[in-house]
Amino acid sequence: MKNKTGKIIFSVVMVAVAVCAVVFGVFFADFLPEKEDGATKFDFVEPLSGAGTGYYRHCYDELTLDEQKVYSVILQSIYDMPEEIEIPDLGEGDLTAIFRALSRDNPDLFCLGLKCTVVETNGKFYFKPEYSMSYDEYKDRLEQSKKAIESIVNSAKAYTSDYEKELFVHDYIINNCQYYDIAEALLGNTVYGCLVEGKASCEGYSRTFQYILNRLDIDNRLLTGECAEDGVNYIGHMWNYVIIDGDGYFTDVTWDDPKGEAQTLRHTYFNVDTEDILLEHRIEQTVPFVTENENNYFTRENAYLDVGAGEDFELQVTNAVHKALQRGYKSVELRFADADVAAQAKATLLDDGVIYNVYKDADLLNTLDGATVFYSREENMNIICFFF
């Protein structure tokens with residue numbers, strides 16, 4: 001087959017998502033093409049998706065029937081990294097859509113590069129992918145990635161609720177991976193880069209989060225778009241949409257990983273709604289409008305406050321500090337109902353010294369003399385974070 005000649009009828013080059021490159025995932029389909037009167041007949045079998053399968057293939061569901069057939073045929077063979085794969089005629093199908101769907105649905109086939117073509121030879125069509133590594137390199141890296149994921153999954157299963165499992169995975173990735181852009185860590189787009197090398201771009205964070213949640217039977221999907229990294233200028237970005245207890249939320253693991261001097265994980269973008277995510281993100285995909293907040297971090301941790309003074313306020317802050325300490329966190333994050341409440345709370349805690357009483361109650365201070373409290377603010381979302 002190496003000596004065939006034919007014409008290229010489709011070609012796709014996937015452009016990196018700013019600091020994120022695009023790679024693929026894998027799944028074993030349960031069918032083989034059959035030869036019939038010299039022509040190839042492709043039996044169409046829908047790839048598995050959902051709880052118990054290890055994959056949630058939302059992008060596949062959004063393809064046309066012709067595109068789904070090509071997606072499935074490619075998926076059957078691509079795991080073995082062949083030079084080419086015979087596929088059905090694309091017809092009116094869009095190779096870019098298929099390529100994108102394969103990439104976003106499957107986080108574990110990270111051997112593919114950014115280019116692919118479809119070539120017609122003697123009336124037959126062949127998908128010709130580009131690979132970013134050798135077969136042996138891919139097998140070794142995939143095996144190491146799976147071992148790391150299996151360990152994380154087993155630890156996460158100690159928790160009973162999907163919220164707690166998701167929170168464990170979120171915190172694990174942040175605590176065990178350092179952010180690098182694509183130029184600094186080429187494998188940082190991948191699960192391998194994130195979990196084995198400990199360096200990843202936003203894509204590596206998001207694909208790893210996706211892969212582990214898949215294994216935990218938590219419905220989710222990758223999202224691509226843009227974020228206002230400096231608050232003004234938008235760049236390409238990737239994050240996740242997660243279903244918890246039947247409701248959808250947005251989680252941006254990358255943006256919860258601190259890059260400044262205070263190296264303490266955050267939960268600003270853990271299970272937020274549409275209003276919150278659109279403050280500094282733009283979404284490419286069409287996803288349901290999110291209004292629920294029951295499984296938002298601040299709601300679940302009782303760290304959402306609608307008052308900024310009084311005995312109940314001090315008690316809420318005290319309880320939030322104790323809960324953060326029980327989780328092993330090095331900070332407590334508090335979110336307030338609006339900017340006025342946040343301003344009142346800041347004055348109460350710092351100007352009136354209530355935070356020192358709270359710290360004293362939690363055994364974080366031995367004396368009030370010369371004590372210093374460090375904090376940061378996220379004004380867009382009315383969040384104040386106090387560091388221990």
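Analyst: Let's start with a rule: two strands pair if DSSP finds at least two bridges between them. Helices (H or I, at least four residues) and strands (E, at least two residues) are DSSP runs, numbered from the N terminus. The model is predicted, so local features need pLDDT of at least 70 and side-chain atom pairs pLDDT 80 or more, while totals for chains, interfaces and linings use all residues. Residues are numbered from 1 along each chain as its sequence is written, and side-chain values use heavy atoms, with hydrogens and water left out.

User: Thanks! What makes strand E4 and strand E6 a pair?

Analyst: Strand E4 (residues 85-87) and strand E6 (residues 124-131) share three bridges, and the rule asks for at least two, so they pair. The two strands run antiparallel. You can find Glu 86 with its bridge partner Tyr 126 in E6.

User: How do you know which strands are at the edge of that sheet?

Analyst: The open sheet has four strands in the order E1-E5-E6-E4, with antiparallel pairing. Strand E1 (7-13) and E4 each pair on one side only, and these are the edge strands. From one strand to the next the twist averages 25 degrees.

User: What takes a positive phi in the hairpin of E5 and E6?

Analyst: That is Asn 122, with phi near 55 degrees; two residues lie between the strands. A hairpin is also formed by E15 and E16, with four residues between them, and there Asn 382 in the turn has a positive phi of about 55 degrees. Strand E15 (residues 374-378) and strand E16 (residues 383-387) are antiparallel and share five bridges. Tyr 375 has Phe 386 in E16 as its bridge partner.

User: Which helix lies across E1, E5 and E6?

Analyst: Helix H3 (residues 95-105) does, running at about 140 degrees to E5. Helix H2 (residues 65-77) also packs on this sheet, where H2 touches E4 and E6 and makes about 160 degrees with the direction of E4. Contact here means heavy atoms within 4.5 Å. Axes are lines fitted to C-alpha atoms, for helices over the stretch in contact, and angles run from 0 to 180 degrees between N-to-C directions.

User: Why are H4 and H7 called oblique to each other?

Analyst: The axes of helix H4 (residues 135-156) and helix H7 (residues 202-215) come within 10 Å and cross at roughly 60 degrees. Angles under 35 degrees count as roughly parallel, over 145 as roughly antiparallel, 65 to 115 as roughly perpendicular, and the rest as oblique. H4 and H7 are therefore oblique.

User: Which residues of H4 and H7 meet?

Analyst: Lys 146, Ile 149, Glu 150, Ile 152 and Val 153 in H4 meet Tyr 211, Ile 212 and Arg 215 in H7. This contact has five nonpolar residues, no polar ones and three charged ones. Ala, Val, Leu, Ile, Met, Phe, Trp, Tyr, Cys and Pro count as nonpolar, Asp, Glu, Lys and Arg as charged, and the others, Gly among them, as polar.

User: How do you know that strand E14 is largely enclosed by the rest of the structure?

Analyst: Six of the six residues of strand E14 (residues 331-336) are buried, so E14 is largely enclosed. Buried means under 20% relative accessible area, exposed over 50%, and partly exposed in between (1.4 Å probe, protein chains only). Ser 331, Glu 333 and Arg 335 point one way, with Val 332, Leu 334 and Phe 336 pointing the other way. In a regular strand the side chains alternate between the two faces of the sheet. Strand E13 (residues 304-305) pairs with E14 in the parallel sense over two bridges, and Leu 305 has Phe 336 as its bridge partner.

User: How many strands form the open sheet with E11, E10, E9 and E12?

Analyst: Four, in the order E11-E10-E9-E12 with antiparallel pairing. Strand E11 (247-251) and strand E12 (281-283) are the edge strands, and the twist averages 40 degrees from one strand to the next. Five bridges join strand E10 (residues 234-244) to E11, with Val 242 opposite Tyr 249.
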